[in-house]
Each structure stands twice: as structure tokens, then as C-alpha cells.
Amino acid sequence: MIEIKEIAMNYGNFPALSGINLTIGDGSVYGLIGSNGSGKSTLLRLLCGVYAPGNGQILYDGQSVWENDKVKRRVVYLSDEQYFFPHSSMAQMADFYASVYSCFSYPRFEELAKRFCLDTGRKINTFSKGMMKQAAIVLALACDTAYILCDETFDGLDPVVRHSVKSIIAEEVACRSLTVVLASHNLRELEDICDHIVLLHRGSVVLEADIDDVKMNLHKVQTVLPQNANLNGVDIVSRSDRGSLSTMIIKGRRGHIESYFEVMNPKFFEIIPLTLEEIFITEMEEAGYELTESL
Amino acid sequence: MNLRKVSNKNLLFNTLGRQTPMLLLFVIAQLLAVPVFCMLCFSALFREPSAFQTLSEYSDYLHSCAAEAATMSGHLLIILSAALGIFAGFVVCRYLMNWQSAVLFASIPVRREKQFAVMVASGLLIYLAALALTALISVVIFASHGCLAYAGNLYRLMLAGTIWYIFFYALTLFAGMLSGMSTLQGALLAAAFLYLPVTVGVLGLFCRLFYNFWNLSYLWEAFWHKLSALFGLTYYLVNLTKEFSIETTRFALDMQLSTLLAYGIAALCLFAACIPLLRLRKHSLAGQPMVFARVASVVKYAIMVPCAMLVGVVFYYIGDVPAMIFGCAIGGVLSFMLLNVILLKNPRAYFHNIKGLAIFAVVFALCTFLLAADVLHIDTYLPDTGMVDHAAINFNGEWVDFYKQENIQAVNDLMDCAQTEDDPDYQLPRVYLKTRYTLNGGLQLEKQAELSVLDQPRTSLLQLYESDEFRESVLSECENQIFLHLTFCTYTGSSYEYSTRSLDQQEIETFMQLLRQAVGNDSLFSADRGPIVATVSGGFGPSIPIYLDARYDACVKWIAEHSPNGILLTNQTLDAYISGISQATVTDLENHPLKDTSDPEEIRELFLNSMGLITGDDWKLNGGNLIYFTFEHDSEYFGPSTCSYLWRQ
């Protein structure tokens with residue numbers, strides 16, 4: 001379990017993060033989202049011990065990660081700008097990772113490389129940008145650590161590979177309780193894989209929620225109601241009317257909403273699944289944040 | 001889960017594996033410097049086998065070649081080691097200079113100190129591995145020629161090279177710890193070598209221009225001779241040119257015994273200093289020119305000050321003190337802007353921390369004012385005679401030491417006169433004085449001044465000239481108490497002297513009395529100059545000439561009486577000079593030839609007759625025509641030259 005307690009970090013006089021409190025459970029997939037400069041990458045680098053926090057603590061099962069080799073052996077960081085030694089091949093990079101990560105698995109490395117059709121003997125600098133990203137993912141996953149921290153990992157990957165990576169991560173989570181923290185500015189990337197979402201804005205946590213909880217409690221309804229229909233019995237977060245068709249986002253249990261509208265005998269009634277983006281737009285607006293400012 | 005043991009050894013081996021290209025470079029460079037070079041030396045033996053009559057001759061030659069090969073290749077290796085040390089320092093620090101690699105290394109489960117230790121060890125091991133191979137091959141080469149004993153010299157030099165490698169390696173790493181960019185690391189390294197000499201030089205020049213009594217040249221000398229030893233390459237190269245000799249390994253031995261030890265300790269200190277810097281270093285600043293903001297500020301102002309002074313000095317030569325102040329301001333601001341751009345890697349950051357510049361300018365101006373006004377009495381400070389072990393005055397480039405209290409007091413009196421004299425426009429002829437006090441504790445204090453030659457300083461100067469200490473040190477070769485010279489110049493303004501006569505005490509007194517009367521003034525030097533008859537020098541300082549012209553009638557007649565031939569060349573110099581003249585040409589001012597001869601007798605006659613200003617009681621200043629005398633001179637005594645003189649005949 002990762003505990004983030006009152007973390008703050010400044011770049012000079014600029015506050016990158018302030019007062020972050022989070023708890024990331026084992027076997028969960030956490031998504032960090034936020035606009036550029038919201039502090040996602042900084043938080044990830046704090047999580048993997050690259051930066052020392054200016055204030056607060058980051059604990060893995062009660063132990064601080066900063067300058068702690070034992071903890072760091074269980075954490076691998078996939079940077080948004082991967083680094084490979086000049087003129088090195090994947091195999092040589094694997095040797096490097098193996099020299100510092102005790103759990104590094106060569107069979108797993110070979111298997112993953114094969115799955116992504118990557119030639120481990122080829123120099124990485126001859127790879128395309130997407131292939132480099134895949135190489136970094138393969139190397140990170142082969143480290144076989146309990147925690148993997150990914151910064152903009154899906155950027156530059158084609159849809160097929162992106163899907164493969166998500167599948168592999170899901171397998172790892174299911175098989176060995178891998179804890180994944182993914183940072184992205186793209187909500188749709190995270191929707192399929194994350195079970196928790198943290199929204200950062202200007203260095204602070206705006207929202208932290210379990211995706212299922214949010215989805216179960218928030219619904220998008222399209223309906224054509226009779227005139228003078230009484231809607232006081234449901235918690236409407238937002239509503240827009242186009243002719244007689246009303247589109248509403250309503251808080252509450254699906255069963256309760258359905259039974260409420262059924263009584264009013266609507267001409268048309270449909271509950272549409274909400275996208276994660278819509279959920280967050282709603283939550284953000286409810287929290288008083290401007291949409292364009294945060295996403 | 002199959003856990004393997006992870007140790008620093010694994011990381012070290014991995015690092016060594018990655019640095020194989022550097023190992024190859026080191027091996028090739030060292031092999032070229034030592035075994036290949038030695039092979040070339042030995043191969044010279046076989047070029048002319050018939051040159052050796054006996055086996056003994058061949059053996060002697062072989063041994064001399066072996067000694068030469070060992071020493072020269074060892075020296076090559078030492079210089080090479082310094083270069084390799086710098087190169088390795090850059091390679092090893094590279095992982096800290098790139099943001100991505102810095103983040104990768106910071107995220108792996110190895111403490112940064114261990115990473116650094118592994119990197120440092122890899123650089124050392126690579127050098128030592130290459131050196132071991134070089135040594136082994138060298139032994140084989142020397143043994144195959146039957147000169148194994150000479151390999152000992154080589155090994156001493158190899159040890160010296162190793163220490164040098166470590167020193168330069170550590171220095172480069174230290175520069176790397178301060179910087180986040182390889183280019184700035186190189187700049188800092190260069191600054192480590194160049195900053196002090198350049199700054200001391202500029203500061204000395206600046207102070208000499210601005211403050212009459214300041215002279216930091218002795219600081220420069222101290223730096224060059226003492227501090228430069230800390231900067232190995234400079235020291236080595238300077239000494240190499242002085243000391244290099246194929247037959248001797250004295251320099252190498254000297255390095256082993258003393259200097260090398262200092263280098264070794266300095267290297268250890270630098271390695272140790274890298275650790276706290278590494279801990280303080282922020283990975284987020286990798287790729288930035290300087291990773292420590294305070295160090296960056298220190299570097300900025302430390303470079304800005306000499307830059308400002310240098311521009312100030314340049315402006316001084318264009319204008320004067322106001323121009324120098326303007327130059328200082330321009331130089332300071334421009335260097336401040338440029339350094340901001342470089343150190344912040346931002347072309348728009350030229351006015352970053354402009355308040356700091358403003359505060360600095362105020363402090364600088366205040367300090368300059370305090371020093372110029374000599375509020376702290378630094379300028380005018382003269383040590384009490386009781387504090388001084390000995391004082392020295394520079395006479396004609398030679399330092400003369402005075403240990404006696406009364407002489408030290410005379411030196412102080414002279415300097416005091418210089419400080420209190422009232423001649424702001426420098427109307428009077430002046431003597432340039434340079435004194436150096438050595439205090440009882442060994443500390444040296446150097447002062448320099450110009451003073452006009454009036455009676456008061458003359459008394460002090462005469463006291464020094466007449467002292468036993470002066471005579472013993474400077475004029476030990478002279479039998480008489482000589483301190484006044486009559487020098488007959490060839491032409492007004494020409495520094496060429498063809499005759500000098502030293503006067504004895506009685507002659508001096510007589511002559512000075514005549515001169516005083518002739519000038520009619522206590523100050524001998526206020527009179528306007530006319531055509532020069534002769535120059536009197538020595539009595540009032542080494543570089544003070546008294547120009548005698550026709551108006552000093554009594555003096556000129558006195559000279560004529562006491563030097564009947566006018567020219568007071570000694571027989572040796574006169575004969576040597578004249579015999580060296582191969583061609584004499586006389587022309588008028590419009591270049592029309594009057595006489596052209598190569599006959600030695602004619603040349604001698606021409607020279608003696610035409611060059612003499614005072615011949616008996618007839619001196620020729622008030623008549624005759626202006627003509628040129630050209631003597632093509634090629635004597636061994638004076639060296640080849642062509643001298644042209646404008647003179648009256």
C-alpha cells in the first residue's frame with residue numbers, strides 16, 4: 001500500500017504540489033489525470049524516489065521511499081521520456097535492469113519482447129518512437145516489481161499496442177496483485193483500465209474516487225416528459241433541453257431513477273452510460289472548477 | 001519468485017561493460033604512448049648496424065636508447081594521463097548531465113552514493129587495466145632488448161601518470177558535480193586553470209592604473225611559482241620545458257617524492273567533496289548549466305569582476321580615469337548579462353537578478369572609493385622599521401637588499417616623500433621606485449611609486465647609494481664610490497649610448513655645484529631642454545637622465561676639461577665598436593650622399609670626428625650642418641645592426 005501524506009514540492013518558488021493526501025491500495029490501478037503542469041509527473045517522481053519531497057511523506061507499506069533501496073526494489077518507474085544508454089540494445093538494457101532489480105525476469109523479458117515483436121538484439125536508437133515506448137514497457141514489466149509507475153505511457157502507441165499493454169497490465173494486476181499508477185492527461189486512456197482516478201489541478205487533488213462508485217451513482221438520462229412533470233424527487237446535476245427532449249445527469253441509484261420516471265409515464269426514457277470524461281466534467285463543475293481550466 | 005542477489009558488483013560489471021569503448025581508447029592511447037613509442041626508439045638501432053664497430057659500442061647505444069625510450073614515453077604517458085583523466089571525468093559524469101538518465105539512475109534501487117562510487121571505480125579500473133596491459137607489453141619489449149633495468153624509470157613515471165590521472169579525474173568530477181551540463185563542466189574546468197592567473201593579472205593591472213601605490217605583480221609571481229603547482233598541467237608543462245632532459249629522471253623523481261603526494265591528497269579531497277555535492281544535487285536540475293544556485297551566483301560575480309576591470313583597463317588607454325569607470329560599468333553590465341544567459345540557459349534572462357547587480361555595483365563603487373581615497377591607509381601604509389627584516393629597492397631591474405635600520409628608514413623616507421609630494425601634473429622628471437619590504441614574519445609587502453627628484457628624496461637616495469649594502473650588492477665590481485655617470489648620447493631622444501664615464505665623489509660634488517649654478521635653481525630639472533650634449537644619470541636614480549644642453553656652459557666646459565677627447569668610450573668598447581663597422585655613409589637631410597666608405601681607417605676617423613660632441617675646448621653645438629651618419633655594424637661584440645644618427649658636424 002502506498003500512503004501519500006501531506007506531500008508538498010516546490011520548483012524554486014513555484015509550488016508544484018501542495019498538501020497531497022492519497023492512499024493507493026495493493027492490486028489497484030490508479031489513474032492520475034490533470035492538465036499540463038498540474039503535478040502528475042512530479043507526483044510520480046516523488047512516488048519512485050527521484051525527488052525528495054519538500055514536505056510530507058511517501059510510504060510503501062510504512063517505509064519511506066526516499067533513498068531506500070529496499071523499497072525501490074519493489075518499484076519501477078516508466079518515465080515519459082525514456083532513457084536508453086547510447087547505442088544499446090534491449091538486451092543490454094535488460095542486463096542493466098537485471099543488475100539493479102533482483103526480481104528481473106529474463107524469460108518474462110523475452111516473452112514480452114516477442115509479444116510486441118521487438119528484436120532484443122537491435123540497437124534501440126534504430127527503433128521508432130512507439131517501439132522505444134514498447135521497449136521501455138517491456139523492460140519495466142520484466143522487472144517484476146510490486147509497483148509500476150507509468151508517466152504518459154500510452155502516448156505514441158498505436159491502438160493495437162495500446163490495447164495489448166492494457167491487457168498485459170490487467171493480467172499482471174489479476175495474477176500477482178500488481179499496483180499500477182498511471183499518469184495521463186487523457187481521460188479516455190485511463191477509462192478502460194483504472195479502478196481509481198485522481199484528478200490533480202494546480203498541484204492539488206481536486207477529486208479522488210473509485211470509478212465504479214462514481215458510475216453507479218451518476219447517470220445520464222434522455223427523456224421526453226409530459227408537461228408539468230415534477231422532477232423534485234431526483235438529484236439533477238445538470239440538464240439541457242432540446243425541443244421536448246431533455247438530457248439530464250442525475251445522481252442516485254439506477255433503480256430509483258428508473259422507478260421515479262416510470263411513474264411519470266414519459267413518452268421516451270433512456271439511461272445512457274456516462275463516459276469518464278462526462279463524469280469528471282460533472283464532478284468538476286459541481287466542485288466549482290471551470291472545465292477548460294482543468295481538463 | 002526467483003530472486004537473484006543484486007550487488008554493486010553487478011552494477012560495476014555492467015558499467016564496465018558499457019564503458020568498453022573508453023577502455024579501448026585508453027588501451028590504444030597508452031600503447032601508442034609507451035610500447036609503440038619504445039619500439040620505434042629501439043627500431044632505430046637497426047637502421048645503421050654498420051655504424052657500430054664493437055659489441056660494446058652497440059651495447060652502449062642500446063642502453064642509451066632504452067633510457068631515452070623509458071623517459072620520453074613516461075613523460076608522454078604523464079601528459080596523456082592528464083588528458084585521459086579529464087576525458088574519463090566527463091564520461092563518468094555524463095549520467096548526471098542528461099535529465100532522462102539522471103531520472104533513470106535516481107529511480108533505480110541503488111543509492112546515489114553507491115552509483116557514484118561505482119562510476120568512479122569504473123573510471124579508475126579502466127585506466128589501471130589499460131596501464132597494466134601497457135606495462136606488461138613494455139616489460140616484454142625492454143626484456144627482449146636486454147634492457148629490463150630501464151623499465152624501472154618507466155614504472156616510476158607510470159606511477160606519476162596514475163596520480164595525475166586520478167587528480168585530473170577528480171577535478172573533472174568535482175566540476176561535474178557543480179554543473180548540470182557537460183559544456184559548463186568543461187568551462188568550469190578551464191576556469192579552474194585560467195581564472196586565478198587571469199584575475200590576478202587583470203586585478204594587478206587595474207590596481208596599478210587606479211592606485212599609484214598598489215602593485216599586485218608579486219601576487220602573480222607568487223601564484224605562478226607556488227599556486228600553479230596545484231594546477232598540474234600548467235606546472236608540468238612549464239617544468240617540462242625547463243627540466244626535460246633525456247638523461248635525467250629527476251623531474252619524475254621529484255614528482256614522486258613531493259608533488260605527487262600533494263596531488264594524491266588533493267584528489268582524495270576532491271573525491272570526498274563530490275559526495276556531499278552529489279547528495280545536495282537535485283535531479284530535476286540535470287541539464288541546467290549550474291545545479292547550485294548559490295554557486296552559480298558566486299561564479300557569475302567572480303567572473304564579472306575581472307571582466308569589468310579588464311574593459312575598464314582597455315578604456316583607460318582610450319581615455320582616462322572617467323573612461324575607465326565607464327568601461328568598468330559597461331564591462332560589468334555586459335558580462336553580467338552574458339553570464340546570466342549562459343548560466344540560466346535562457347537568452348531572455350540577461351537581466352535576471354538585476355537588483356543583485358545594482359547592490360554589487362554600489363558595493364564595488366564603495367570599495368573602490370574607499371581604496372582610492374585610502375580610507376583604510378592601505379596605500380600609504382609603510383611598516384615600522386622595527387617590523388621589517390629587510391627592505392629592497394629595485395635599481396635597474398636588480399633588487400638590492402637593505403638590512404640596516406638606518407637604510408630601511410631611508411627607504412621609508414623615500415616612499416614617504418613619494419606619498420606626500422605635490423606634483424599632480426607630473427611636471428618634474430620622475431624616478432620610478434619599486435620597494436619590497438620583507439617583514440619579520442616573512443610576509444612580503446611590495447610598494448611602487450614615482451617621485452620627482454627634489455632635494456629631500458635625493459638625500460635619502462644618496463644615503464642608500466652611499467651605503468655599504470648598496471655598494472656591496474650592486475657595485476661590488478667598482479673600485480670607486482661611483483654613483484654618477486656621464487653618458488654621451490648619440491642623438492636627442494635616442495637611447496643609444498656610446499660612452500659612459502663614472503665620476504668619483506669629488507668630481508660629483510664639483511659637477512653638481514656647477515650644474516646647480518648653471519641651472520640657477522634648486523630643482524635641477526625644471527629648466528627647459530635644449531640640444532643634448534650628454535646625459536647625467538645614476539645620482540638621482542637609475543632612470544633619471546639630466547640632459548645637458550648648450551646653456552649649461554660651465555658644465556659642458558667642465559666635461560670638456562675632464563674628457564678631452566669628448567668621447568669616453570673605453571678602449572675595449574671603442575675598438576670593438578669601430579672595428580665592427582663595415583660601411584659608413586654620410587648623407588644630408590635630403591639623402592644626398594656626402595661620403596660613403598668601407599675603409600676601416602676612414603670609418604674610424606669619421607666616427608671619432610663626427611660622433612664626438614666635445615672635442616677639447618671646442619664643442620659643436622652651435623654650428624655646422626645637420627647630417628646623417630649611417631654605420632652598418634656587424635661586430636660580434638654588438639651584434640649586427642645598422643645605426644643612423646642625426647648629428648651636427
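A:Tyr60 stands opposite A:Gln63 in β5(A). That's a handy way into this predicted model, where local features need pLDDT of at least 70, side-chain atom pairs count only at pLDDT 80 or more, and totals for chains, interfaces and linings use all residues. For bookkeeping, residues are numbered from 1 along each chain as its sequence is written, chains are lettered from A and ligands numbered from 1 in the order in which they are written, and side-chain values use heavy atoms, with hydrogens and water left out.

Back to that pair. The strands β4(A) and β5(A) are antiparallel partners over two bridges, and pairing here takes at least two bridges found by DSSP. Helices (H or I, at least four residues) and strands (E, at least two) are DSSP runs, numbered from the N terminus. The hairpin that β4(A) and β5(A) make has two residues between the strands, and there A:Asp61 takes a positive phi near 50 degrees.

Now zoom out to the sheet around it. This one is open, with four strands in the order β2-β1-β4-β5 (chain A) and antiparallel pairing. At its edges you'll find β2 (14–24) and β5 (63–64) of chain A; each has a single partner strand, so one side of each is left without a neighbour in the sheet. Strand β1 (residues 2–11) of chain A pairs with β2(A) over seven bridges, in the antiparallel sense, and A:Met9 sits opposite A:Leu17 in β2(A). On to the next pairing: β1(A) and β4(A) run antiparallel and are joined by five bridges, with A:Glu3 having A:Leu59 as its bridge partner in β4(A).

What lies across these strands? Helix α1 (residues 40–47) of chain A lies across β1, β2 and β4 (55–60) of chain A, running at about 120 degrees to β1(A). Contact means heavy atoms within 4.5 Å; axes are lines fitted to C-alpha atoms, for helices over the stretch in contact, and angles run from 0 to 180 degrees between N-to-C directions.

Chain A has another open sheet, this time of six strands, ordered β6-β7-β8-β3-β9-β10 with mixed pairing. Here β6 (75–78) and β10 (204–210) of chain A stand at the edges with a single partner strand each, so one side of each is left without a neighbour in the sheet. Neighbouring strands are turned by 15 degrees against each other on average, direction ignored. Within this sheet, strand β3 (residues 29–34) and strand β9 (residues 196–201) of chain A run parallel and are joined by five bridges; A:Leu32 has A:Val198 as its bridge partner in β9(A). Helix α5 (residues 129–142) of chain A lies across β6 and β7 (147–151) of chain A, at about 175 degrees to β6(A).

On to charges. Over all chains, the structure holds 16 salt bridges, each being a side-chain nitrogen of Lys or Arg within 4 Å of a carboxyl oxygen of Asp or Glu. One of them links A:Arg108 and A:Glu111, whose closest N and O atoms are 3.0 Å apart. Because they are three residues apart in helix α4 (residues 106–115) of chain A, A:Arg108 and A:Glu111 are separated by about one helical turn.

Finally, the interface. Here 29 residues of chain B are in contact with 30 residues of chain A. The buried area is about 2,700 Å², with carbon and sulfur atoms giving 60%; that is the accessible area (1.4 Å probe) the two parts lose on being put together, summed over both. The rule finds two salt bridges across this interface, and A:Asp69 meets B:Lys114 in a salt bridge through their side chains (3.8 Å, N to O). On the side of chain B that touches chain A, α1 (8–18), α4 (99–107) and α5 (112–144) of chain B each supply at least two residues, and α4(B) gives the most, with eight residues.
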